[in-house]
Amino acid sequence: LIAKADCGGAAYPGAPNRGQSFPSADGHSFSWGPSATTLAPGLYKLCWCANIVVCSEPKHFGAYSGLLRIKAPLSDSPLRYCPLGLECNITGVFGQGLHNGDRIAALTVCGAGAFTTAFENQGISIATYGLGAVYTLPKSLANGKYRICWCPGEHVCIRGDDFDTDLGVLIVGGPHPSAVYLCFEWQPCTIQAMEGNVLRDGDMLRLVPPGTSCPESADSDEGPELVPGFPLSGVALPAFNGGYSYTWGEGIVRAEPGTYTLCYCSFEMSGGCTNHSDFLTPAGSLRVGTSQEFQFNTRPEDNPPRSSDRLYAVVLASFVPVLLAVAMGIGWYRRRGGIVKVAPEAPSLFVAKPSFITIAQGKAKAMHEVEQVMHVRMSAPGEYGAMSTKRKNFEVTQELPVAMDMPDFRSDRQKRKSEIATSPDGDAESDDEAEGSGGVAARGGASWRHQTSPDSSLPESIEDDTAPKEGRRERRRAKKERKNLRQAAEAADRVLPPPRPQFTNFRRCEAVMELLDADD
């Protein structure tokens, strides 16, 4: 029986099973059942009852048998602090029955859950001193807020449930290892607000190349590798503003843009951060941005929105139904056939050039059409002039020869010989006059006159020139007639428009003659 005072008296209040143990099986082991004890840590008096009597009331337990010690820490639960990345001692733990076999662990909740990964060795203490008064925690890997949980040495202490006694709050101080800070090339570098817990003035940062960890750079005998182009060789000035602001001075950053590793040193724990081995705690990363990013981040702010912007939007939106109605009306009108608009076809970009033979044929065709038009214009008025004196005695035996409408493929020499052979007077004067009056009329007129009737008013000496004197008179007469022909042709040009090439036939000639008769 757990007695409150002397044996034979009342049981201690709050003791399990009303302070009375279950009967012992061997006389050496005693148990108060599975219920947890709620007695405060301390020493309690035990009283014994022999099996020869009925042990049902406290007065039956009259023999003193020893003391019962309830083991547990008795100290207060103060706020404790440990630096990030270092081993930490938890001191000031007192209580009943403590010894060096007891252990503590850093957990999120005492007596529940698994161990944390923010410490080495799962956060379980690695050493105990002073009969359970001092405990050493392993190195912390991340800052944060944790609970200090205690486990008695009589237990195995291998699960989170075994650490069910709460000894208070533990804060792991230092910068946050996953934070990223920004500086720009060709500008001074300053960190205004460092992320972390329990930072202090005087703490320092050091920049190491990408891919280098802080413990590796701290353990190097030759010292850390420097970052070329960074002010102060990458070591920041002592922290200010409560340990949350760092700067590398007024020097500009000339290092290559990229991401570098930051290593932290606690001024209080290291004693001044004078050795490179003191910078072993990761403090995040520093990204060096380009000058273009700096210009963008420091650009002037945009103008504030105007109060009437919403009104402008409503006014502009009011025109949308009107434009939609107009578009629908135009579409309906076009669908009814009110507007027929054919888009012009764009000219081809790849126009084939005509060949040399095509160009030559075209020129020959044009020359032939011009020559035919000249035949018509010179022949029709000329014939009228020749018939002006004796219109009634002149009869045309047939229409103009078909050869007039056919192209002449003879050479110039052949044409000249033909003109001399068919001309009534083959001397030079007649040839010159014929060429001066158009050549074509002389050739066409002579050919036409040879096909007239024998009763023509033309003198016989033109057809058969035998007398020299008469021949000269006849030539003068022919010259005068040719002059009349030219005058008549000029008059016809003034009266009639030039004929089109498609009217190069004898009917055109008849029309010209009829118009001239009407003038007379």
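Trainee: Is Lys59 buried or exposed?
Mentor: Lys59 counts as exposed, because its relative accessibility is 58%. The cut-offs are under 20% relative accessible area for buried and over 50% for exposed, with partly exposed in between (1.4 Å probe, protein chains only). Before you go on: this is a predicted model, where local features need pLDDT of at least 70 and side-chain atom pairs count only at pLDDT 80 or more, while totals for chains, interfaces and linings use all residues. Residues are numbered from 1 along each chain as its sequence is written, and side-chain values use heavy atoms, with hydrogens and water left out.

Trainee: What does Lys59 form a salt bridge with?
Mentor: With Glu57; the closest N and O atoms are 3.6 Å apart. A salt bridge here is a side-chain nitrogen of Lys or Arg within 4 Å of a carboxyl oxygen of Asp or Glu. Glu57 counts as partly exposed, because its relative accessibility is 37%.

Trainee: How many salt bridges in the whole structure?
Mentor: The search finds seven. One of them joins the side chains of Lys71 and Asp102, at 3.0 Å from N to O. That pair links distant parts of the chain, 31 residues apart. Lys71 is in the loop between strands E3 (63-70) and E4 (72-73), and Asp102 is in the loop between E7 (95-96) and E8 (103-107). Helices (H or I, at least four residues) and strands (E, at least two) are DSSP runs, numbered from the N terminus.

Trainee: And which of those is buried, which partly exposed?
Mentor: Asp102 counts as buried, because its relative accessibility is 0%. Lys71 is at 22%, so it counts as partly exposed.

Trainee: What else is in a network with Lys71 and Asp102?
Mentor: Glu154; salt bridges link the three residues.

Trainee: What about Arg287, what is its partner?
Mentor: Glu293, with the closest N and O atoms 3.0 Å apart. Arg287 is partly exposed, because its relative accessible area is 30%. Glu293 also counts as partly exposed, because its relative accessibility is 27%.

Trainee: Switching to strands. How many residues of E16 are buried?
Mentor: Five of five, in residues 204-208. Met204, Arg206 and Val208 point one way from the strand, and Leu205 and Leu207 point the other way.

Trainee: Which strand is E16 joined to?
Mentor: E18, residues 258-265, through five bridges, and the two run antiparallel. Strands pair if DSSP finds at least two bridges between them.

Trainee: What stands opposite Val208 there?
Mentor: Thr261 in E18.
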